[in-house]
Amino acid sequence: MNFKKLLCMSLAVLSIFSSTALVGAQEAETAAEEAIAEEAVLSEDAELMAITEVTNGVIIYECDTSKKTATAIGVTDAARGVVIPATVKSGSTTCNVTAIADGFCNGNQKIETVTFATATNLTSIGENCFSYCPKLYIVTFNTSAKIKSIGNNCFYYCPKLTNVANLEKQTTLTDIGSSVFGLTPYMDEQTNEFVMFANVLVKYNGTDTEVKVPSGTKAIADAFFGKDITSIDLGDKLVTVGNNAFYGCKNLESITLPATCTTVGDMAFAGCTSLKTVEYAGGLTSIGFCSFANCPELKTFKNTSSKASNLTTIGECAFWNDVRLYYLDVGEISNVNVGSFWNCFGQTPDEIGAIYYYRIPDTVKTIAEGGYGNLEFAYVTVPNNLTAIASTAFGSTSASATYVVTKGSIGNSFFSGSGYRYIFYGDMNANGKIEYNDIKTLAKYLAQGINDLNYNYGKGVIADGDNDGNITMKDLNDVFRSIKEDVEAEQATAE
């Protein structure tokens, strides 16, 4: 047998062995995937099996025996008074009662009293739990100070509710929804200038236009400031600006959120038509639905801390219709939601000149419908690491807008078929090519030292090839390299 035949036979055997090994590997991988899937199902089944429904007295609970926690989910027809205990038994397992579910006994026609006095493990009371209870006249809180949140409309429209005991002792309470005691005699009787529920400001009865919240205020709920307020000092302990807190304050001109503030709720500053600046000190993590919507004078939203912003979540329509907004520091958000920045950046302020640049944060992965719709600005830089762009993400945007993309990126693919103008990084004169004149323009920027102006006001410029927010010599080198690559490509095509 010659060497050639031996080699062919060896290769054939090796091929069979490799195929067998490959099939075996694939079967092993499939088996592993099926095992993982089965384990997930078993785990889910185990969790479901751990959830049991228990009726103790007049209260119905959902108990999670795996976590040893229970949620009060309803009452029986026999209920006249509700006493939430510290624990409840599910079989042989003792579960801590930590929550009351949304709508717990909403609209109950018989309940007269509610007490949390013995509910020493309770941390959360849901939305509409006791709303529309016509006979409810007294609510008693515990003194253990573990309750952290009370949901929207919890005791709304209870026309006989006059007595609420120990509410001021809930020092852990930082999350109070809208209209918790709305349309109750108890709320009508709160006539102090600042109505506080523990550390939460829920109503302002004063007439001052310049307001300072009480010392130690950790949250603001329905404060009903009205249209006359022009400024407010939020102190240095504030954690949450609740839903609708400053809605429609038409004369409010500026807001400074302290470093302790992490959350701005839904529509918190919506309709503040004179609001021009919002500053936060780096602690902010989330902005809710329509938080700053329809603020037509809002120009700047910036992090004033030397530390990087912690902001990661922007709600739908958060800055909707803020047509003058031009300085926007939204930290490291990963998703732009529906209408988050719709109709923003429409009027370039005189102080930054005729051409405006906006950089979509490099951390953004997805842009939803209308996320940047109806824009009017000159240039928008699009990050390289986008994974999804909705077909209407930039809907109704002015035909004069130009998008700056990187070759081969998803942004490049999206805009090449969108009908909008787009250019590549380094194309300073927007003629579709990176050429000698772009180099001259770039060099001029560097020589004049006006990079700071573009960074501070524009948050990025076309020639910022490495996306670091600055025009540097590295960017100049990147442009040279890009031209070189284009020339080499043209030469290869010609050959």
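Buried means under 20% relative accessible area, exposed means over 50%, and partly exposed lies in between (1.4 Å probe, protein chains only). The legends below concern a predicted model, in which local features need pLDDT of at least 70 and side-chain atom pairs count only at pLDDT 80 or more, while totals for chains, interfaces and linings use all residues. Residues are numbered from 1 along each chain as its sequence is written, and side-chain values use heavy atoms, with hydrogens and water left out.

View A. N128 is partly exposed, with a relative accessible area of 25%. This residue is found in the loop between β8 and β9 (138-140); here strands (E, at least two residues) and helices (H or I, at least four residues) are DSSP runs, numbered from the N terminus. Phi of N128 is positive, near 55°, in a residue other than glycine. M267, also not a glycine, has a positive phi of about 55°. M267 lies in the loop between β20 (263-264) and β21 and counts as partly exposed because its relative accessibility is 26%.

View B. Two strands are said to pair if DSSP finds at least two bridges between them. Strand β2 (residues 59-64) pairs with strand β3 (residues 69-75) in the antiparallel sense, over 6 bridges. C63 stands opposite A70 in β3. The hairpin that β2 and β3 form has 4 residues between the strands, and K68 in the turn has a positive phi of about 60°. Strand β3 is also joined by 4 bridges to strand β6 (residues 93-100), and these two run parallel. The bridge partner of A72 in β6 is I100.

**View C. An open sheet of 7 strands.** The order of the strands is β13-β14-β16-β18-β20-β22-β24, and the pairing is mixed. At the edges are β13 (194-197) and β24 (313-314), each of which pairs on one side only. Within the sheet, strand β16 (residues 219-220) and strand β18 (residues 240-241) run parallel and are joined by 2 bridges. A219 has T240 as its bridge partner in β18.

**View D. Two nonpolar cores.** A nonpolar core is a set of buried Ala, Val, Leu, Ile, Met, Phe, Trp, Tyr and Cys residues joined through side-chain atoms within 4.5 Å. The largest one has 64 residues, and those with the most contacts inside it are F225, F246, F269, F301, F319 and F341. Two or more residues come from each of β14 (200-204), β19 (254-257), β21 (277-280), β31 (402-405) and α3 (410-416). A second, separate core has 48 residues, including A72, I125, C154 and A219.

**View E. Surroundings of T184.** T184 lies in the loop between β12 (175-176) and α2 (185-188), and it counts as buried because its relative accessibility is 1%. A polar atom of the T184 side chain lies 2.6 Å from the backbone oxygen of F181. Leaving aside neighbours within four places in sequence, T184 is in contact (heavy atoms within 4.5 Å) with F155, Y157, C158 and L161.

**View F. Surroundings of N121.** The loop between β7 (113-115) and β8 (124-125) holds N121. At 18% relative accessibility, N121 counts as buried. Not counting residues up to four places away in sequence, N121 touches A86, T87, N96, V97, T98 and K146.

Technical notes. A polar contact is a pair of N or O atoms within 3.5 Å; within protein, one must be able to donate a hydrogen and the other to accept it, and residues adjacent in sequence count only if both atoms are side-chain atoms.
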